[in-house]
Amino acid sequence: MKNILKKFVSVSLALTVMCPFLNVRAAKVGDKIEKVLSTDIVTYIEGVQVPSFNINGRTAVIVENLNAMGLPFDVWYDDATRTLSISEGSGGMRDYFHFADNESSAPIGTPIMDVLYTDIETFYQGKKLESFNIGGFTCVYATDLANMYGRYTFNELTRSVDIFRKKDEAEGISYSKETDRKLPADESIIERGDTTVRWGSPQKSYLIKNDDGTFSTIEFSGGLNIETYNSDFEYVSSKKIRIDYPLFGGFYEGEDYFYVVSGQENQKENDSLTVINISVYDKKFKKIKDVPVKGCRTTVPFDACNVSMTESDDLFVLHTSRSQYKGSNGIAPQTQLTVIVNKENWSVVNTFDKFQPNHTSHALKGYVKFDKDAIVTANYSDATPVRGAFIQELKPSGELVSTSTVLSIPGPASANCTGAMIGGFEVSSSSYITALSTIDHSLATDYADTYIEGVAKEERDVVVAVTDKRKKATKTVPLTFYSDADRTASVPYLVKLESGNFMVLWQRFDGFSDNSNTFCYAFLDRNGNLSGEAMQCDGYLSVNCQPVEIDGKVMWYTNTTSGRVFYEINSNPLAHNSSK
């Protein structure tokens with residue numbers, strides 16, 4: 001049917017009026033029934049900004065604009081049936097209707113025009129939409145349109161609404177859902193400044209699935225805040241657990257227990273003082289045991305480093321950093337700290353000399369995993385034993401077996417700026433997989449504590465290092481080529497999937513923008529080889545929450561000023577058909 005763009009005085013408004021009085025005149029075509037209010041919310045459909053309005057406290061858009069701005073819709077009016085129909089189509093590039101919209105200079109909430117009653121009905125591909133007549137044109141609610149056409153997201157930071165085509169779940173496109181939160185939580189969307197961090201810090205937020213099918217967010221904010229949601233991510237309940245010491249280290253979900261790590265400073269260098277406490281809980285957060293760590297030459301635990309934990313049937317391992325006791329020069333050196341606990345009697349079994357067998361300084365970030373009986377760590381340092389990323393294998397006693405370089409960084413020892421950072425580490429049957437972000441080091445002329453000479457801005461690429469367990473040889477798999485494209489990547493996340501494959505995720509920033517609503521992801525096979533191409537989605541990764549696989553989906557959440565947003569991506573590589 002030929003598209004007809006028709007200006008008309010009245011359009012459909014479906015209203016059910018419940019009135020306790022008799023003899024009240026029914027609304028007639030043209031009656032004023034509501035006011036259009038000015039708004040600061042900007043609306044995008046498939047990335048194209050369209051005029052939007054506030055009607056009844058909800059964002060609304062003009063139907064006639066859907067095929068007047070190059071959008072993939074056809075719109076036509078049938079006067080015989082008094083219907084306005086919308087369908088997916090080719091659209092066009094005609095002039096669009098731009099009046100009294102969100103660009104109005106009127107203060108937010110100011111009445112700017114009338115909403116009129118009409119008998120004309122509006123349909124989207126045969127399904128009826130609630131619609132409005134404003135100034136002779138048709139408006140529908142943005143959320144109603146999105147529910148039929150695609151996906152709706154609201155960004156509180158940019159005060160913007162985004163509507164995108166709905167992808168079939170089998171295509172693996174991300175799904176996001178905004179929900180409430182009841183307890184305090186820090187905003188956690190990755191920003192550009194997070195892409196050039198020089199050292200790690202304890203992870204503050206976690207996502208777990210409970211035995212009853214609900215999900216819980218575990219987040220440190222003054223205490224350990226636990227909020228539970230049902231399978232539709234609707235808020236169910238919350239509780240708060242006091243941590244034992246003022247410094248939060250991290251949370252770990254084990255097979256039978258939850259582990260919560262906290263600590264305190266020890267500036268008086270007291271060997272009898274507990275500087276790290278490992279609290280062991282059952283799966284209902286009832287405390288089972290405290291494992292104190294003391295006599296470890298530590299003044300500040302978790303200093304300039306993250307905290308990583310793992311367990312086997314017999315052992316629990318914590319891998320982090322410490323500022324040590326001061327030397328004769330009055331300086332407290334910062335090094336790695338590895339704690340190995342026997343789960344049978346909950347005792348620490350390794351030693352805490354000034355230099356542990358796997359000594360690292362500065363210890364900027366680290367991860368620990370079990371590979372059968374071996375303890376394996378992936379580390380990032382600006383000096384010793386490698387300036388860059390390296391992997392170490394340890395015996396269950398903590399004795400060092402081997403050290404393998406993953407990425408070597410030029411520059412003087414202990415210069416904090418290295419232009420790279422490790423983001424994740426996992427173990428496959430044949431290899432150790434390490435995800436990193438890094439600059440093109442051939443452009444750098446010198447490295448200092450706070451800047452890199454020769455590099456105008458740190459444009460980082462995402463690479464995966466695959467280290468053969470037997471040969472200890474490493475190959476590098478590049479996932480992006482941003483350095484010549486005026487783009488940069490965040491420090492990536494790495495997720496090991498139940499299938500044995502892996503997913504790498506990162507936030508992409510274009511130009512000098514501080515914020516980005518584009519994240520990317522790629523699949524690797526169990527040998528670390530890239531499967532297909534990297535793909536992109538609209539949304540945000542969290543600076544605090546490590547994505548995890550649950551029920552065939554890779555999931556995480558972010559906190560904004562307006563609430564909490566959960567994300568899901570199909571974890572089956574074969575389900576992803578489009579690449580970016």
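**Figure 1. Asp-186 and Lys-204 form a salt bridge, with their closest N and O atoms 3.9 Å apart.** A salt bridge here is a side-chain nitrogen of Lys or Arg within 4 Å of a carboxyl oxygen of Asp or Glu. Asp-186 and Lys-204 both sit in the loop between strand 15 (175–179) and strand 16 (205–209), so the pair ties together parts that are 18 residues apart in sequence. Strands (E, at least two residues) are DSSP runs, numbered from the N terminus. Asp-186 is partly exposed at a relative accessible area of 35%, and Lys-204 is partly exposed too, at 32%. For accessibility, buried means under 20% relative accessible area, exposed over 50%, and partly exposed in between (1.4 Å probe, protein chains only). Please keep in mind that this is a predicted model: local features need pLDDT of at least 70, side-chain atom pairs count only at pLDDT 80 or more, and totals for chains, interfaces and linings use all residues. Residues are numbered from 1 along each chain as its sequence is written, and side-chain values use heavy atoms, with hydrogens and water left out.

**Figure 2. Glu-311 and Lys-343 meet in a salt bridge through their side chains, at 3.0 Å from N to O.** This pair links distant parts of the chain, 32 residues apart. Glu-311 belongs to strand 25 (residues 308–311), while Lys-343 lies in the loop between strand 27 (334–342) and strand 28 (347–348). Glu-311 is buried, with 14% relative accessibility, and Lys-343 is buried as well, with 15%.

**Figure 3. Asp-371 forms a salt bridge with Lys-469, the closest N and O atoms being 3.0 Å apart.** Here the partners are 98 residues apart and link distant parts of the chain. Look for Asp-371 in strand 29 (residues 361–371) and for Lys-469 in the loop between strand 37 (461–468) and strand 38 (474–478). Both Asp-371 and Lys-469 are buried. Elsewhere, salt bridges that share partners join Lys-32, Lys-35 and Asp-114 into one network. The count of salt bridges comes to 23.

Figure 4. Strand 29 and strand 30 (residues 374–384) pair in the antiparallel sense over nine bridges, and two strands count as paired if DSSP finds at least two bridges between them.

**Figure 5. A hairpin joins strand 20 to strand 21 through four residues.** Strand 20 (residues 247–253) and strand 21 (residues 258–263) run antiparallel and are joined by six bridges. A handy pair to pick out is Tyr-252 and its bridge partner in strand 21, Tyr-259.

**Figure 6. Lys-28 and Thr-118 are 7.4 Å apart in space, C-alpha to C-alpha.** In sequence, Lys-28 and Thr-118 are 90 residues apart. Lys-28 lies in the segment before strand 1 (32–37). Lys-28 counts as exposed, at 51% relative accessibility.
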